[in-house]
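Hi,

Here is the structure I promised to pass on.

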Amino acid sequence: MYIADFHIHSRYSRATSPQMDVEHLAQSAREKGIDLVGTGDFTHPAWFAELKSKLKPAEIGIYACGNTRFILTAEVCNIFTAKGSVKKIHNVIFMPTLESAYRLSLKLAAYGSLNSDGRPILSLSADDLVKIVKEASTDGFVVPAHIWTPHFSLFGSNSGFDRIADCFPTTLKEIFGLETGLSSDPAMNWRLSGLDQYALISNSDAHSPAKLGREVNVFSRPLNYPEIVETLKTKDKNRFLYTVEYFPEEGKYHYDGHRLCKVSLKPEDALAKNNLCPACGRRITVGVLHRVMDLADRPEGVVPDNGIPYRNMVPLDQILGFLLKKPVDSPLVKEKYRKLIKTLGPEFVILLQLTESDIRAQTEPEIADAILAVRNGQVKVEPGYDGEFGKVEIALDSSAKQATLF
């Protein structure tokens, strides 16, 4: 099992922890059992200098800090006009070497300030971004980020497109992966037959070390950069085993709603109200589930033959926070988390691999019950909406829905 989290941010991005540096990322990856981490933000000059000084070449296109491997990634915000309206699309860039990443940054500096934010705003279409990436390195590639998020995404209700081809009219053949985001899972994306050809990847988009790995990609063995590209292009099930996902209801844009009025709506209820807030009359934020329903050409439950499996999971600190009735960043939760991984091993070993007997033999009954309940999908989630994360309740009875692993 080789676990990768490709999309994260450094401390040079807005609203990120000052601990988002190479050392803390490597430490968190070890604690969680993540083998490969995206660097994030390589376009930022100061962060690039740190990456260059602290990372050592390892496998082809892969770098290392201690036992943790890194792959060069960066998220950018493309703002451009298409089809008569302003589009705001986030994209994740993958590059094979520090040298090619530097060449790319020199080119991108002509379209926006790279010093201002780890995720720079570029006056550049997504289509032209792909062209520039390929000019910097034929092995570089672009993955549209969190494709359903209402703001700043490919299919976003506020400024996105209805078709991938409209976003990438001349470079469509260069797009082979899509990031599903926290508010959707593969089953939701499988409702669109037009997405069958794309590898659906899942990443944390972490802004602090504790959030690393809240969604990940699980491969059968260590992969170098060319092998990652080939695996995603071919959707090789022998190498790409599954993704680990939030329950999509937990994502902060799953339902429709209006945060200021504390109004959350199912898509059908929002449609009945003409997408207007029943409290204030203003337009609500149309969420991910609504957009999927708008664009879907299949019923729920369809599994494409080449669909990569997935597992819904709740991060270990959230499980502990639920049991202890404390925030995940509280000292008590952090202490219990450290004790668990010291006793049982890295977080993903605990969540995905340990047998029930091993878990029960080495931890308190209520913690064992909660971990196993999550594995079985015994959770209830109050869906997130308009920037508010959903609230997870672990249900220790058989009436809750079952986890999904196709």
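A word on terms first: buried means under 20% relative accessible area, exposed over 50%, and partly exposed in between (1.4 Å probe, protein chains only). Please keep in mind that this is a predicted model, where local features need pLDDT of at least 70, side-chain atom pairs count only at pLDDT 80 or more, and totals for chains, interfaces and linings use all residues. Residues are numbered from 1 along each chain as its sequence is written, and side-chain values use heavy atoms, leaving out hydrogens and water.

Searching the whole structure gives 11 aromatic pairs. Rings of Phe, Tyr and Trp (its six-membered ring) pair if their centres lie within 6.5 Å; planes under 30 degrees apart are stacked, over 60 edge-to-face, and the rest tilted.

Take Tyr12 and Trp47: the ring centres are 6.3 Å apart and the planes stand at 50 degrees, so this pair is tilted. Trp47 is buried at 0% relative accessible area, while Tyr12 is partly exposed at 24%.

Phe141 and Phe176 also form a tilted pair, with centres 4.9 Å apart and planes at 35 degrees. Phe141 is buried, with a relative accessible area of 4%, and Phe176 is buried too, at 10%. Both belong to one aromatic cluster, together with Phe6, Phe94, Phe219, Tyr225 and Phe240.

Finally, the charged end of Lys87 sits over the ring of Phe161, 4.7 Å from its centre; the criterion is NZ of Lys or CZ of Arg within 6 Å of the ring centre and within 35 degrees of the ring normal.

Best wishes
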